[in-house]
Amino acid sequence: MRLHGADGAGGADALLTVLELLAAQAPPARYESLLAEARFGGIDAVGLDRLERAVALAGMARTGHARDPRYEAGLIALTDTARDLTSSYDLDGLLRVVTRRARLLLGLDLTYVTLRDAHGACYVHTTEGARPVPVGGDSGPRLAPGLRFAEGYGLGGVLQLHGEPVWTADHFVDARFAPPFTSGAGPHGPVYDEAAEAALRAEGLHAVMAAPLRSGDTVIGALYGADRRVRHHTPEEVGLLAALADLAALAVEKAGLLDRTRVEVSELERDSARVRTSLTRLRHTSEAHSRIMNLVLAGGDLCNVAKAAADALDATVMIRDQGGRCLATAGELPRLDEEAVAKASLDAHARRRPVLAADDTWVAPVIAGSEDLGGLVVRAAGGLTGEDERLLELAAQSVAFLLLMRRSTAVAEGPVRDELLDDLIADPPHAPQQIAQRARRLGVDLRKPHVLVLARPEGGEQGRAVVWASSYAYRLSGLKTVQGGCIVLLLPGVDASAAAKAVAAELSPLLGHPVSVAAAGPGWSPDGVGRMHQEAGRCLDAMSALGGTGSAASVQDLGFLGLLLSDDNDVDGFVEAAIGPVLDYDAERFTDLTHTLEAYFASGGSPTNAAEALHVHPNTVSRRLERIGELLGPEWQKPGQVLEVQLALRLQRTREVLAKSRTATDPNRQPPPPQDRHG
């Protein structure tokens with residue numbers, strides 16, 4: 001800039017230049033350049049003195065502006081707000097701090113923050129300085145949190161469109177925002193929000209300025225400052241509001257980041273808890289399986305394994321064989337729905353994993369390869385988790401392993417045990433003392449009662465039957481051998497009939513065809529094994545002759561035929577089985593039911609003729625026959641039982657006659673005391 005002449009015009013131009021530099025906030029170097037040019041530009045002394053005085057005043061003005069209290073307060077407020085952002089984590093609290101400081105710092109009547117939701121709608125989040133709702137006042141819209149603005153409405157619409165701060169001295173008369181619109185902020189033209197306008201009017205707001213809250217290049221909301229009077233805002237005020245808006249945007253981003261972090265931390269904590277729970281359950285499953293397997297390897301029986309599985313599962317456990325019969329149990333199972341259990345057992349073996357039957361009842365297959373060894377029936381009142389199902393599956397595998405071990409042991413000892421039983425039934429028998437010692441070494445006590453069972457498969461497949469018999473005899477601490485196409489079993493027990501039925505019930509389903517089973521006994525010494533074998537053989541032949549192939553019976557089950565087939569001819573046992581209750585009744589009550597029976601049979605089964613022979617009324621005979629029916633059972637008059645009753649009556653009468661005859665031939669001999677058939 002050049003200054004011409006020494007007249008007053010040149011000095012005036014220099015003073016005007018000082019004012020321009022002051023308005024432009026030029027640096028001090030520009031003032032120094034102006035003075036240097038004036039000194040060498042021909043300005044007179046008075047003009048130069050005035051110019052120097054003007055530059056000095058301009059410097060003072062600059063210094064005063066830099067020390068403007070409001071400017072300093074703004075910087076302090078920005079610093080304090082930034083510090084608050086590092087110490088507070090609550091979005092609502094942070095935005096309240098920003099709005100409160102903006103209101104106090106800029107001397108505003110009302111400040112508020114709007115945010116955009118996930119769908120892009122704008123709503124009021126925080127307010128500071130809003131008028132309270134008057135008691136009993138109107139229920140119109142208020143500028144309060146939750147108020148929603150139409151997209152593109154007012155200053156917010158312009159701010160959203162351009163992304164820069166915007167202000168108006170009087171919202172209601174500004175042609176940009178007041179209807180009728182001359183320009184619109186909406187993407188498709190002017191936007192008017194009646195509810196928002198009503199809220200602004202309810203607050204009495206005129207001057208409004210807004211600064212954007214940015215997240216990157218996206219406007220996520222706005223910070224508003226408003227007055228209830230017409231007011232022109234300076235660039236410094238707008239800039240300060242924009243700075244506070246940037247801090248508010250940081251608060252929103254920080255809160256969002258913290259919320260996401262909390263969600264992720266919560267999810268990680270849940271995952272960690274699930275992992276810890278899963279690890280605990282897996283550890284429990286592993287330890288329980290180890291305990292069960294240790295029992296199996298230590299030679300534990302099925303009852304101990306069932307108890308260990310029940311303790312681990314907190315349930316009741318039953319081990320069944322392939323025929324559904326109970327082998328061992330731990331706890332008391334309530335009445336089972338056998339149909340549902342049978343269906344679940346089929347599904348479990350088909351899927352090779354535990355299956356829920358009904359009412360918290362589970363069935364697990366006990367299998368070895370493709371062979372069905374049975375199943376586990378488990379009742380868990382609290383249900384089973386995934387880890388519990390796995391433990392149940394492992395327990396079933398342990399039971400399968402134990403059954404296979406037993407079978408292997410039985411097969412390994414099979415030849416020795418077979419030889420022992422062969423020697424026991426040999427004719428003549430081997431030395432009893434040596435046989436007893438051999439039996440004790442195999443865990444068989446021949447001094448205890450035992451029965452002998454003969455099983456003859458009627459459909460071939462003797463191989464499977466022999467393998468089963470080895471395992472069965474080992475399981476019951478008995479002996480097994482094979483002779484003449486029949487499986488011979490020597491088993492502990494006193495009930496030969498029950499033993500025969502148990503063998504038939506287990507072996508027939510395994511082979512899939514009938515098995516003829518005969519039994520004899522009990523015996524109490526090695527000497528009687530050969531005799532029982534002969535009796536069981538005759539019983540089996542008699543069953544075949546009578547068309548009883550595929551059935552199970554003992555010598556006692558054949559009635560008088562058993563008496564004929566038996567070597568010891570147990571007349572007392574036969575009489576007791578046939579008419580014992582009638583004899584006991586007569587002995588206890590001094591009645592004559594036995595004589596009535598004899599008269600009834602002698603008269604051809606006619607109560608009337610029997611009454612004449614007994615010299616009693618027919619009704620008396622009828623009552624006695626009813627009592628006899630109660631004692632002998634409702635089927636006592638059927639042909640089979642009638643024959644046994646008549647034969648027993650004949651034997652009893654013959655014994656009485658012989659006893660009287662012995663007494664008559666020896667007058668000094670005392671009659672024998674009444675025989676106790678139960679002793």
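This is a predicted model: local features need pLDDT of at least 70, side-chain atom pairs count only at pLDDT 80 or more; totals for chains, interfaces and linings use all residues.

Student: What makes the peptide bond that joins G521 and P522 stand out?

Tutor: The bond is cis, with omega at about 10°.

Student: Okay, on to accessibility. Why does R352 count as partly exposed?

Tutor: Its relative accessibility is 43%. Buried would need a value under 20%, and exposed one over 50%. R352, at 43%, falls in between, so partly exposed is the label.

Student: And where is R352?

Tutor: In the loop between helix 10 (338–351) and strand 9 (355–358). R352 also has a positive phi, about 60°, although it is not a glycine.

Student: How do you know whether H615 is buried or exposed?

Tutor: Do it the same way. H615 has 72% relative accessibility, and the cut-off for exposed is over 50%, so H615 counts as exposed. You'll find H615 in the loop between helix 19 (607–614) and helix 20 (618–632). H615 has a positive phi of about 60° and is not a glycine.

Student: Now helix 7. Which of its residues are buried?

Tutor: In helix 7 (residues 194–203), they are A196, E197, A199, L200 and E203.

Student: Why can we say that those buried residues line one face of helix 7?

Tutor: Look down the axis of helix 7: the buried residues fall within an arc of 160°, so they line one face. As background, an α-helix has 3.6 residues a turn, so residues three or four places apart point the same way.

Student: What covers the buried residues, and what is on the face turned away?

Tutor: The cover includes strand 1 (110–116) and strand 3 (148–149). The face turned away from the buried side carries the exposed residues E194 and R201. Just after helix 7, G204 takes a positive phi of about 70°.

Student: Last one: how do helix 13 and helix 14 meet?

Tutor: The axes of helix 13 (residues 462–475) and helix 14 (residues 496–511) come within 11 Å and cross at roughly 145°. The crossing is right-handed. On the helix 13 side, the residues in contact are R464, A465, W468, Y472 and R475; on the helix 14 side, they include A502, V503 and E506.

Student: What classes of residue make up that contact?

Tutor: Between helix 13 and helix 14, eight are nonpolar, three are charged and none is polar.

Definitions and conventions:
Residues are numbered from 1 along each chain as its sequence is written. Side-chain values use heavy atoms; hydrogens and water are left out. Axes are lines fitted to C-alpha atoms, for helices over the stretch in contact, and angles run from 0 to 180 degrees between N-to-C directions. Helices (H or I, at least four residues) and strands (E, at least two) are DSSP runs, numbered from the N terminus. A crossing is left-handed if the near helix is turned anticlockwise from the far one by less than a right angle, and right-handed if clockwise. Contact means heavy atoms within 4.5 Å. Ala, Val, Leu, Ile, Met, Phe, Trp, Tyr, Cys and Pro count as nonpolar, Asp, Glu, Lys and Arg as charged, and the others, Gly among them, as polar. Buried means under 20% relative accessible area, exposed over 50%, partly exposed in between (1.4 Å probe, protein chains only). The arc is that of the directions from the helix axis to the C-beta atoms.
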